[in-house]
Amino acid sequence: MIHVLVAGFRGAMGQKTVKMIQSHSDFALSAVFDPKVTINNPQNYGLPAEVKVLNRYDQLNANVADVWVDFTNPDAVAANTEAAINAGIHPVIGTSGMAPADQTRLIKLAKEKHLGGLIAPNFGLSAVLLMKFVQEAAAYFPDAEIIEMHHQDKADAPSGTAIATAHKIAAGRTQKPLSTIDNDARGQRIDDVPVHAVRLPGYIAHEEVLFGGPGEALTIRQDSFDRQSFMQGVAVAIRKVQEADQLVVGLENFL
Ligand SMILES: NC(=O)C1=CN([C@@H]2O[C@H](COP(=O)(O)OP(=O)(O)OC[C@H]3O[C@@H](n4cnc5c(N)ncnc54)[C@H](OP(=O)(O)O)[C@@H]3O)[C@@H](O)[C@H]2O)C=CC1
Ligand SMILES: O=C(O)C1=N[C@H](C(=O)O)C[C@H](O)C1
């Protein structure tokens, strides 16, 4: 049995994750975490009586849970991940917007503690495949632009997936892009890839990567029409993370 703690359990992704854990016979929801929660009765949140409702880092230790699943917000994710690692709980981090310096520091901390963990910019198979394919395409098409489209409540922009996608394009390039003109209308440049962020009601999570070369173009697109699309990847991560001995970035490491 794998005991799981969900941080951000009242949010859109947290609620889906709680349901997913409850639907697997080899997972047990042992705890939930949110510093803003003041009532510690799990039944107040529709959770079974045995689930611990926690709101402070000093309540954490390796007996509370094996795995920490985090779907919170960009301001909280680094401190949450650090607390999980220090408590000996394997972090599975879905929250976007972690600063690169925090990511580097936490990878070092997990290595010192020989603790496996995952930071996944995207748990959806379509997005993981898109990030693989764009790296291959960039070897032939160094000129690329990203359009990411999300629901209106998304706190961060550009998305974690778009940032990771730009890094993959840069890693795949064998030549510099031809297009260099930059101004406010050209999006945010990440690794010389213009990234455009759209926030609209009706959308969930979508990304399109446009490549252009002399006389031709290639478009690669993925769509998450439902947050259920992320749950299979989260389940894989919960199962695999305890076998790892370092904090890695990208679900592809566990597939
Ligand atoms: N990697 C992936 O595949 C995916 C990643 N995401 C990412 O997951 C994150 C959450 O998304 P979503 O569920 O839509 O957001 P929501 O705003 O719906 O949920 C976030 C929840 O976390 C709570 N929270 C805030 N701070 C903390 C904290 N320190 N500890 C615990 N809980 C906290 C919030 O409470 P309050 O509202 O009271 O502040 C809220 O209930 C985002 O960063 C998003 O980008 C989303 C989908 C897929
Ligand atoms: O906020 C979201 O919804 C999502 N966030 C992640 C990101 O920032 O890339 C993953 C997915 O795009 C959904």
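Domain bounds, as I use them here, come from an automatic or database domain assignment. I keep in mind throughout that this is a predicted model.

Entry on the domains. I looked up how the protein is divided, and found domain 1 made of residues 2-119 + 228-254, with domain 2 covering residues 125-224. Taken over C-alpha atoms, the centres of domain 1 and domain 2 are separated by 28 Å. Where the two touch, I noted 10 residues of domain 1 in contact with eight residues of domain 2. On the domain 1 side of that contact, the residues divide into three nonpolar, six polar and one charged.

An unreviewed UniProt entry places the feature "active site" at His150 and Lys154, and I looked up both residues in turn. Histidine 150 lies in strand 7, which runs over residues 144-150, and I list this histidine as buried because 23 other C-beta atoms lie within 10 Å, the cut-off for buried being 20 or more. Leaving aside residues up to four places away in sequence, histidine 150 touches Ser159, Arg199, Tyr203 and Ala205. Lysine 154 sits in the loop between strand 7 and helix 5 (160-172), and with 18 other C-beta atoms within 10 Å I list this lysine as partly exposed.

Notes. Residues are numbered from 1 along each chain as its sequence is written. Chains are lettered from A and ligands numbered from 1 in the order in which they are written. This is a predicted model: local features need pLDDT of at least 70, side-chain atom pairs count only at pLDDT 80 or more; totals for chains, interfaces and linings use all residues. Two residues are in contact if their C-beta atoms, placed from the backbone, lie within 7 Å. Ala, Val, Leu, Ile, Met, Phe, Trp, Tyr, Cys and Pro count as nonpolar, Asp, Glu, Lys and Arg as charged, and the others, Gly among them, as polar. UniProt positions are given in the numbering used here, feature names are shortened, and annotations may be inferred rather than shown by experiment. Helices (H or I, at least four residues) and strands (E, at least two) are DSSP runs, numbered from the N terminus. A residue is buried if 20 or more other C-beta atoms lie within 10 Å of its own, exposed if 12 or fewer, and partly exposed in between; C-beta atoms are placed from the backbone.
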